[in-house]
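Okay, everyone, thanks for coming.

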Amino acid sequence: MTLRCSDVNVEPLPGTAKTGSGFVLLEHAGSWSRDVLDGGTFDPELTDQLKRHLKASGMGLQLIRKPGREGRNVEKHNLFLVFAEASIIEHLVVDSPADVLDLDLSGPGKNNAQRMDDPMLLICTHSKRDVCCAIKGRPLAAAVEPQFGPLHVWEASHTKGHRFAPSMLLMPWNYSYGLLDEAETVQLFQGALDNKLFLPGNRGRGTLDARGQVAEIAVAEAFGEAVAPASLQVEFEDDSVLVTHPDGRTWVVELERIEVDGVVSSCGDQPKIGKAWVARQVTELIG
């Protein structure tokens, strides 16, 4: 019997988010190869051009589609530009994937795109990367998508962390989530619509490194109040992290690097020893 990586939950989720501060989200109904920029999804020439164009601006690429038959019948392509540091999503419609090459990806407000007021949730269903994302991601996307507006919830290509399937990204802030059921996922996205950060299953904000991700979540959990996504300021100081609330309160988070035994990175892999950052102490600075 094949060992499903997402059935082995031995490591802490915070600190495992997909990093990146900018993304092109392109609706693409065709087959997704194992790596969407390996030449199997787009022809080799277009793939090479896309790689160069994305690298020049530091943007990542996520392919998206609607669940079910609707997602396989696309004439024009929805395209979203995510600038996570600025918490901005822009939307436009293009005729083909090659139109990405004509876009200025250096920042928001440069492509006559419409600014979106609401967040987006991308649920990984990339079966060629790992079967867990098909088994757990597809039914979840199909169940959650109809409960929100037409541009809110999408199937997505590899979001990193299929061992946490269903794995998902919350944009525009680039928070990663994992191991949530339908009810929790609905709570997550409804909270985002209400500008509240959902903590269960939160793997961290991908604009931060692993230490910053862990520290932000530890503080959000420690003070027990609803916090807006990406509202906490994170600064590094030697072996600790300072986290500041918009109201001026500040916490120092002491972190420790630990070993985690039994991590299964992908379906079929043998368990191995992984490493993780954990918060050992959260202290509010007074005065």
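So, look at E27: it stands opposite I64 in β2. Keep in mind that this is a predicted model, where local features need pLDDT of at least 70, side-chain atom pairs count only at pLDDT 80 or more, and totals for chains, interfaces and linings use all residues. Residues are numbered from 1 along each chain as its sequence is written, and side-chain values use heavy atoms, with hydrogens and water left out.

A quick word on names: helices (H or I, at least four residues) and strands (E, at least two) are DSSP runs, numbered from the N terminus. Back to the pairing. Strand β1, residues 22–27, runs parallel to β2, and 5 bridges join them. L25 has Q62 of β2 opposite it. By the way, two strands pair if DSSP finds at least two bridges between them.

β2 also pairs with strand β7, residues 153–156, this time in the antiparallel sense over 2 bridges. There, R65 has E155 in β7 as its bridge partner.

Is β2 enclosed or open? Of its 6 residues, 60–65, 5 are buried, so β2 is largely enclosed by the rest of the structure. Buried means under 20% relative accessible area, exposed means over 50%, and partly exposed is in between, using a 1.4 Å probe and protein chains only.

Now zoom out. An open sheet of 10 strands runs in the order β5-β4-β3-β1-β2-β7-β6-β8-β9-β10, with mixed pairing. At the edges stand β5 (114–115) and β10 (202–205), each with a single partner strand, so one side of each has no neighbour in the sheet.

Let's move to helix α2, residues 131–144. Its 14 residues reach 20 Å from first C-alpha to last, close to the 20 Å expected at 1.5 Å a residue; that expected span is 1.5 Å times one less than the number of residues. Where does α2 kink? Look at G137, shortly before the proline P139, for a kink of about 35 degrees. The bend at a residue is the angle between axes fitted to the seven residues ending there and the seven starting there.

Among the buried residues of α2 are C132, L140 and V144. The helix's buried residues pack against β6 (120–124), β7, β8 (168–171) and α3 (182–193), with contact meaning heavy atoms within 4.5 Å.

Next, the cores. A nonpolar core is a set of buried Ala, Val, Leu, Ile, Met, Phe, Trp, Tyr and Cys residues joined through side-chain atoms within 4.5 Å. The largest one here has 34 residues, and M168 and V243 are among those with the most contacts inside it. Elements giving two or more residues to this core include β6, α2 and β8, while α4 gives the most, with 5 residues. M168 touches, among others, L121, L140 and L188, not counting residues up to four places away in sequence. There's also a second, separate core of 21 residues, which includes L46, L54, L79 and L105.

Two last residues. G212 sits in helix α4 and is buried, with a relative accessible area of 0%. Leaving out residues up to four places away in sequence, G212 touches V234 and F236. E70, by contrast, lies in the loop between β2 and β3 (77–83), and at 51% relative accessibility E70 counts as exposed.
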